[in-house]
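I opened this notebook to keep track of what I looked up, one topic at a time. The structure comes first, then my entries.

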Amino acid sequence: MLRIENQAIIFALLCKYTVQAKGEESRQVIQEGMIRYGKERGARMAARARANGDPIALWTNQAYGEWKPDFDGQMEFGYDETEPTLKSYIAKCAWCDAWKKYDLLEYGKEYCVNVDKAVYEGFCPDFVCTPNYPTMSWGGPRCEFDWGQPLTEEDLAKMNAKKKELGTSAMRDFDYHTAHMYYTITDVLAKAFPEESEDIREKAVADYIQLFGQEEFDRILDFKDEKF
């Protein structure tokens, strides 16, 4: 099974070879892909909440998260305060650790610019998440987010109860998340740079296979017909 590291690195490699081929301005195309990816994730979360008869609210957004760390201690996150608006933080990040491990932080950090805002907006277009820049990948001491509305004691209790009820049923594994990332970014690149995108993709895939092996790339290909 794939891990956070796999998703982090396939993204960073696609970004690396895009920037090398098309220059610094091409990072904006990567951001277009990340916004699309995030909104699709948020929309899936909202669809699951509605299917279960739950409202679209901050507490359901927090309860219906689609992923969990690969192991205990891999991430460190929590809440600084819950009112008047929810403010959360990440103090240890598996994505940052992966980019540093493979010397890809310069490219991987593009992941962090819009993903949380996009997931939240995908969950509800009226919701606004405000990150406190710089995030860790951009040199900050930690990642901090203001979710724009309170998480009251009543909401917190409902959130915790819903998390317990759901368990991992609303989550996707990182085979899925890695494939979602790969197919979204490569599709955006193909539309933006039709002449260069295949070369970019091939170089990124070659590096990924060298790091993780063919079998761990084939897990991504298993989702080629998935409608994310």
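Which helices and strands each supply at least two residues of the lining of the largest pocket? I noted that the model is predicted, and then I went through the lining. On the helix side I listed helix H2 (27–51), helix H3 (58–63), helix H4 (94–101), helix H6 (115–123) and helix H7 (153–166). On the strand side I listed S1, S2 and S4.

**Entry: the largest pocket**

I looked up its volume and found about 950 Å³ of space. I then looked up the lining, which has 34 residues. Nearest the centre of this pocket I found Gln 62, Trp 67, Phe 77, Ile 90 and Asp 116. I also sorted the lining by class: 22 residues are nonpolar, seven are polar and five are charged.

**Entry: the second largest pocket**

How much space lies in the second largest pocket? I found about 190 Å³. Met 1, Leu 2 and Arg 3 are among the lining residues. Trp 67, Lys 68, Pro 69 and Asp 70 also belong to the lining. Thr 168, Met 171, Arg 172, Asp 173 and Phe 174 complete it. By class I have six nonpolar residues, one polar and five charged. Trp 67 is in this list, and Trp 67 is also one of the residues nearest the centre of the largest pocket.

**Entry: the sheet**

Next I looked up the strands. In what order do the four strands of the open sheet lie? The order is S1-S2-S4-S3, and the pairing is antiparallel. At the edges I found strand S1 (76–81) and strand S3 (130–132), each of which pairs on one side only. From one strand to the next, the twist averages 25°.

I went through two of the pairings. S1 and S2 are antiparallel over five bridges, and they form a hairpin with five residues between them. In this pair I found Phe 77 opposite Ile 90 in S2. Phe 77 and Ile 90 had already come up among the residues nearest the centre of the largest pocket.

Strand S2 (residues 87–92) also pairs with strand S4 (residues 143–146), in the antiparallel sense over four bridges. Here I noted Lys 87 opposite Asp 146 in S4.

Last I looked up how some of the helices pass each other. Two packed helices are described by the angle between their axes and the distance between the axes.

I took helix H1 (residues 4–22) and helix H8 (residues 174–192) to begin with. Their axes come within 8 Å and cross at roughly 10°.

For H2 and H6, I found axes that come within 6 Å and cross at roughly 40°. H2 and H6 are therefore oblique to each other, and H2 passes H6 in a right-handed crossing. Both H2 and H6 are among the elements that supply at least two residues of the lining of the largest pocket.

How do H1 and H4 cross, right-handed or left-handed? The crossing is right-handed.

Methods. Residues are numbered from 1 along each chain as its sequence is written. This is a predicted model: local features need pLDDT of at least 70, side-chain atom pairs count only at pLDDT 80 or more; totals for chains, interfaces and linings use all residues. Side-chain values use heavy atoms; hydrogens and water are left out. Two strands pair if DSSP finds at least two bridges between them. Axes are lines fitted to C-alpha atoms, for helices over the stretch in contact, and angles run from 0 to 180 degrees between N-to-C directions. On a 1 Å grid over the protein atoms alone, a cavity is a set of points where a 1.4 Å probe fits but cannot get out, and a pocket is an open set with protein on both sides within 12 Å along at least five of seven lines; lining residues have an atom within 4 Å of a point. Grid points are joined across faces, edges and corners, and a volume is the space filled by probe spheres set on the points. Ala, Val, Leu, Ile, Met, Phe, Trp, Tyr, Cys and Pro count as nonpolar, Asp, Glu, Lys and Arg as charged, and the others, Gly among them, as polar. Angles under 35 degrees count as roughly parallel, over 145 as roughly antiparallel, 65 to 115 as roughly perpendicular and the rest as oblique. A crossing is left-handed if the near helix is turned anticlockwise from the far one by less than a right angle, and right-handed if clockwise.
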